[in-house]
Amino acid sequence: MAQGFDQKRRVRISADTLAAVAPFICREEVRYYLNGVYVEPHRDGGVIVTATDGHTLATCRDENGSADRDWICSVPPVIRSAALRGGKGKSAPKTVHFIGSAAHVLSEVDDSYDASTPGPMHLATAYAPAIDGTFPDWRRAAPGVVTHLDGAGFSLNPHYFTRFAEAGKALGAHGVTLLLGKTPNDPIGVRVGNCQRFFGLVMPMRFVSDEQPVGMPLLPEWCRPLQQAAAE
């Protein structure tokens, strides 16, 4: 696409949604299309925000978010830091707006306020052009069922769990639950606390087991309609 293709972009997500998925953004320049968050409208309203580096993935439903279409939104450090700041009161970040080639973090949620013009509600503003690329179909990576394998063994990079800890902190959720897939080589599902908005994936390093799986649904309900629609 030509430069400036994002001039009509209008995306709004909550600050805690961005804070939850930002740790999973890829930092490798080669895979530039992963260097941001993927925002897609949900057909039942709101948006789904996803980020991945190929090793871990996080996707979060924002029922109050909005987007005029699918976008890969770059997230400059100043925007990420402002969204991660948290806190309470008038100075706490509430929403993140990607408008044209800029991003804005606001302290209030007010639909009548012009988020594109810096003002008293702005906590941060930065140049943040949309990324011209194709985000991978992350739903294809998710196994179809959770399995419980007695005596199963697998290995995970413990560094990845700091990302899920950050996501849980952003969403006020505590604890991490691992959900094994259909086969030993499937990505492992991750839920944080009892939070129904968040779902993550992490790639296993090794798995050794002769046990037979017993299945139950893995994907949250808000993921499944989109997955089914994509397959049709």
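Q: Hi! Which side chain does aspartate 16 meet in a salt bridge?
A: Hello! Aspartate 16 meets the side chain of arginine 197, at 3.1 Å from N to O. Keep in mind that this is a predicted model.

Q: Where do aspartate 16 and arginine 197 lie?
A: Aspartate 16 belongs to helix H1, while arginine 197 is in the loop between E13 and E14.

Q: Buried or exposed, or something in between, for aspartate 16?
A: In between: aspartate 16 has a relative accessible area of 28%, which makes it partly exposed. Arginine 197 is partly exposed as well, at 26% relative accessibility.

Q: How many salt bridges are there in the whole structure?
A: The search finds four. One of them joins arginine 31 and glutamate 28, with 3.5 Å from N to O. Arginine 31 counts as partly exposed at 23%, and glutamate 28 does too at 41%.

Q: Which residue forms a salt bridge with arginine 139?
A: That is glutamate 40, with the closest N and O atoms 3.2 Å apart. Arginine 139 sits in the loop between E9 and strand E10 (145–147), whereas glutamate 40 is in strand E2, and 99 residues separate the two.

Q: Are those two buried or exposed?
A: Both arginine 139 and glutamate 40 are buried.

Q: Okay, new topic: sheets. What is the strand order in the sheet of seven?
A: The order is E6-E2-E3-E4-E14-E13-E12; the sheet is open and its pairing is antiparallel.

Q: Which strands stand at the edges there?
A: Strand E6 (71–74) and strand E12 (176–179) do. Each has a single partner strand, so one side of each has no neighbour in the sheet.

Q: How much are neighbouring strands of this sheet turned against each other?
A: On average by 25 degrees, ignoring direction.

Q: Can you zoom in on E2? How many bridges pair it with E3?
A: Four bridges, in the antiparallel sense, between E2 (residues 36–41) and E3 (residues 47–52). Within that pairing, valine 39 stands opposite valine 49.

Q: Which helix packs on this sheet?
A: Helix H3 (residues 161–171) does, touching strand E4 (56–62), E12, strand E13 (188–192) and strand E14 (198–202). The direction of H3 makes about 175 degrees with that of E14.

Q: Which residues of E6 are buried on its two faces?
A: Trp71 and Cys73 are buried on one side, and Ile72 and Ser74 on the other. As a general point, in a regular strand the side chains alternate between the two faces of the sheet.

Q: Now the sheet with five strands: what order do they take?
A: They run E5-E1-E7-E8-E9 in an open sheet with antiparallel pairing.

Q: How many bridges join E8 to E9?
A: Five join E8 (residues 102–106) to E9. Among the residues involved, valine 105 has alanine 124 in E9 as its bridge partner.

Q: What does helix H2 lie across?
A: Helix H2 (residues 77–84) lies across strand E7 (95–99), E8 and E9, at about 155 degrees to E9. Valine 78, a residue of H2, is in contact with Ala124, Thr125 and Ala126, leaving aside neighbours within four places in sequence. Valine 78 is partly exposed, at 41% relative accessibility.

Q: Last one: how many residues are in the largest nonpolar core?
A: That core has 43 residues, and Ile13, Val37, Ile79, Val96 and Phe198 have the most contacts inside it. Helix H1 (residues 15–21) gives the largest share, four residues. Apart from this core lies another of 13 residues, including Ile72 and Trp222.

Key
Residues are numbered from 1 along each chain as its sequence is written. This is a predicted model: local features need pLDDT of at least 70, side-chain atom pairs count only at pLDDT 80 or more; totals for chains, interfaces and linings use all residues. Side-chain values use heavy atoms; hydrogens and water are left out. A nonpolar core is a set of buried Ala, Val, Leu, Ile, Met, Phe, Trp, Tyr and Cys residues joined through side-chain atoms within 4.5 Å. Buried means under 20% relative accessible area, exposed over 50%, partly exposed in between (1.4 Å probe, protein chains only). Two strands pair if DSSP finds at least two bridges between them. Contact means heavy atoms within 4.5 Å. Axes are lines fitted to C-alpha atoms, for helices over the stretch in contact, and angles run from 0 to 180 degrees between N-to-C directions.
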